[in-house]
Amino acid sequence: MTLTVTDLTISRGGIPVLEGLNFRLDAGRALVLRGPNGVGKTTLLRTVAGLQPPVTGQITNPPESIAYAAHSDGLKATLTVAENLHFWADIFGTKGIDKALAGFDLEGLVDRPAGALSAGQKRRLGLARLLVSERSIWILDEPTVSLDVASVAMFADAVRAHLATGGSALIATHIDLGLDADVLDVGPFRAVPGSGSGDFDGLDEGFL
Ligand SMILES: Nc1ncnc2c1ncn2[C@@H]1O[C@H](COP(=O)(O)OP(=O)(O)OP(=O)(O)O)[C@@H](O)[C@H]1O
């Protein structure tokens, strides 16, 4: 399960933000994206996840291999924790939520509506969907926002376990997760300004 990005140029709101990107993500590996605020990390993740087309270049990955966790949690506020996970299990065509509940310490919250969770608990539930998805390539945008130290460690353990079973992860994060990961600084790939339509793109997905 290899993700390959070749000669990629990406845009946001019709304006190119990064260009000339080439990288591959092999099974069992994590790649951490670094770069200053606004450089285009989220845009790159959205493009790799298939939420928007590249300007130029290719992205190849096995079909139905990607699970994408965006900035926002994208939870169903009136559904319980268990119902949210079952909802996503139905979407992904998988069965069972126990591993996801255990992996993110949610067993004590199964009957709580997602809207009544704390910010960190919501984030844990959002990340638990990765386990429900059973997808091999995780695309993660600032996954540790709102997480306390113990929950960051829990998340890092989940990523390590995923890599150990042949999964992979592409992660935009400003913190050190303590993973054995490759690092790609996208700063040097900033696009030359002056082209594009400038159209506003209001789409902001929670999870796919
Ligand atoms: N919906 C949008 N429409 C138009 N432009 C946008 C939109 N969202 C972000 N941008 C712009 O696109 C550029 C890239 O933004 P992006 O969110 O990809 O950066 P980032 O590297 O993820 O930043 P951060 O580290 O702050 O999360 C920025 O200049 C940003 O202002």
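I began with S5 and S6, which run parallel and are joined by four bridges. Helices (H or I, at least four residues) and strands (E, at least two) are DSSP runs numbered from the N terminus. This is a predicted model: local features need pLDDT of at least 70, side-chain atom pairs count only at pLDDT 80 or more, and totals for chains, interfaces and linings use all residues. Residues are numbered from 1 along each chain as its sequence is written.

I looked up Ala69 and found it opposite Leu140 in S6.

I then checked how H1 packs on the sheet: H1 touches S3, S6 and S7, and its direction makes about 150 degrees with that of S7. Contact means C-beta atoms, placed from the backbone, within 7 Å. Axes are lines fitted to C-alpha atoms, for helices over the stretch in contact, and angles run from 0 to 180 degrees between N-to-C directions. Helix H5 (residues 149-164) also packs on the sheet, touching S3, S6 and S7, at about 145 degrees to the direction of S7.

I noted the order of the open five-stranded sheet as S5-S6-S7-S3-S8, with parallel pairing. Strands S5 (66-69) and S8 (182-185) are at the edges with a single partner strand each, so one side of each has no neighbour in the sheet. Pairing requires at least two DSSP bridges between two strands.

I looked at burial in H1 (residues 41-48): seven of its eight residues are buried. Buried means 20 or more other C-beta atoms within 10 Å of the residue's own, with C-beta atoms placed from the backbone. Just after H1, I found Gly50 with a positive phi of about 90 degrees.

Methods. A residue is buried if 20 or more other C-beta atoms lie within 10 Å of its own, exposed if 12 or fewer, and partly exposed in between; C-beta atoms are placed from the backbone. Two residues are in contact if their C-beta atoms, placed from the backbone, lie within 7 Å.
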